Amino acid sequence: MATLEVQGVGKSFGGYTALEDIGLSLDAGSIMGVIGPNGAGKSTLINIISGFLKPDTGTVKINGKDITGKAPYRVFKSGIARTFQDSQVFGYMTGLENVMVSAPWGIGVQEYNVLARPFAVAREEKQKREEAMAHLAQVNITDKARSMAQALSYGQQKLLEFARMLNSRANVFLLDEPMAGIHPDLVDGLKALIVAMAKEHNKAVILVEHNLKVVMEMSDYVTVIRNSVLLSGTPDAVSKDERLAGAFLGVTDATA
Ligand SMILES: Nc1ncnc2c1ncn2[C@@H]1O[C@H](COP(=O)(O)OP(=O)(O)O)[C@@H](O)[C@H]1O
Ligand SMILES: [Mg+2]
């Protein structure tokens, strides 16, 4: 049974078919690159898997459990976390708080424990802070722990989102163009971190990325979509397939 399984997913907006019969499956420890031209439906697919959009057809399963059309918080609870193409942070919370919200468990979430077991709650809180700080450190933004998220640059907000995802207990990560807008000095570190998440921490990773070279380097499998799946396979096989160029024909944004 695959960790993540998408079958027959379709979605229309008004009369426009953004996705048709999309299928893919992914195991723990692997990275699936999803590529396609602008408007191909990549973000729509991520939104469907993460529960932000309901598909018209098809199913999404995690470890065999059907989560199709479930609300985002329920999808998150079942072990899928994501980042957004345009960052989505809580502007009036600090960097540290933005990370800590992705660990909504423990005794402290029950308010009466704050009165009944104050020391235990305080200990748990301290540990959660330390974990969140460690995740901020992994993306090089510990100095933003006390800053309001709205004061961070676009790239820093995206790194903050990434730290929030790392801080969750999800075992599936959905990354919608995580490198776009990131300071060039930090890109290699972020790439290495994504690979380490899959290879050392056994996460299943979907990587939507504009830069074909980056996708081919990082992924175990690649799926090319343009509203439907045009091609899928290993990076090597997909790179050599003449249909790859065809996927980007007629659009001007490919950065091959
Ligand atoms: N909420 C929406 N309402 C209407 N059209 C949408 C909506 N979301 C996406 N689309 C359309 O669906 C198509 C696919 O968009 P998107 O998934 O963002 O593509 P990609 O991420 O591959 O660039 C685009 O034509 C886009 O305009
Ligand atoms: Mg997109």
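Predicted model: local features only at pLDDT ≥ 70, side-chain atom pairs only at ≥ 80, totals over all residues.

A residue counts as lining a pocket when it has an atom within 4 Å of one of the pocket's grid points. Helices and strands are DSSP runs, numbered from the N terminus.

Start with the largest pocket. Its volume is about 480 Å³. The lining holds 19 residues, and those closest to the centre are F52, P72, Y73, F76 and R164. The lining has 12 nonpolar residues, along with three polar and four charged ones.

Which domains contribute to the largest pocket? Domain 1 (1-79 + 170-256) and domain 2 (92-167) each give at least three residues to its lining.

Now turn to the second largest pocket. About 270 Å³ of space lies in it. Its lining is made of 15 residues, and M100, V101, E125, K128 and R129 lie nearest the centre. Two or more residues come from each of α3 (95-100) and α5 (118-138). Helix α5 gives the most, with five residues. By class, eight lining residues are nonpolar, two are polar and five are charged.

To review the main contributors, go back to the model. Then find α5 at the second largest pocket, where five do.

Terms used: Residues numbered from 1 in each chain as written. Chains lettered and ligands numbered in written order. Heavy atoms only, no water. 1 Å grid on protein atoms, 1.4 Å probe; cavity = no way out; pocket = protein on both sides within 12 Å on 5 of 7 lines; lining within 4 Å. Points joined across faces, edges and corners; volume = space filled by probe spheres on them. Nonpolar A, V, L, I, M, F, W, Y, C, P; charged D, E, K, R; others polar. Domains from an automatic or database assignment. Helix = DSSP H or I, 4+ residues; strand = E, 2+ residues; numbered from the N terminus.
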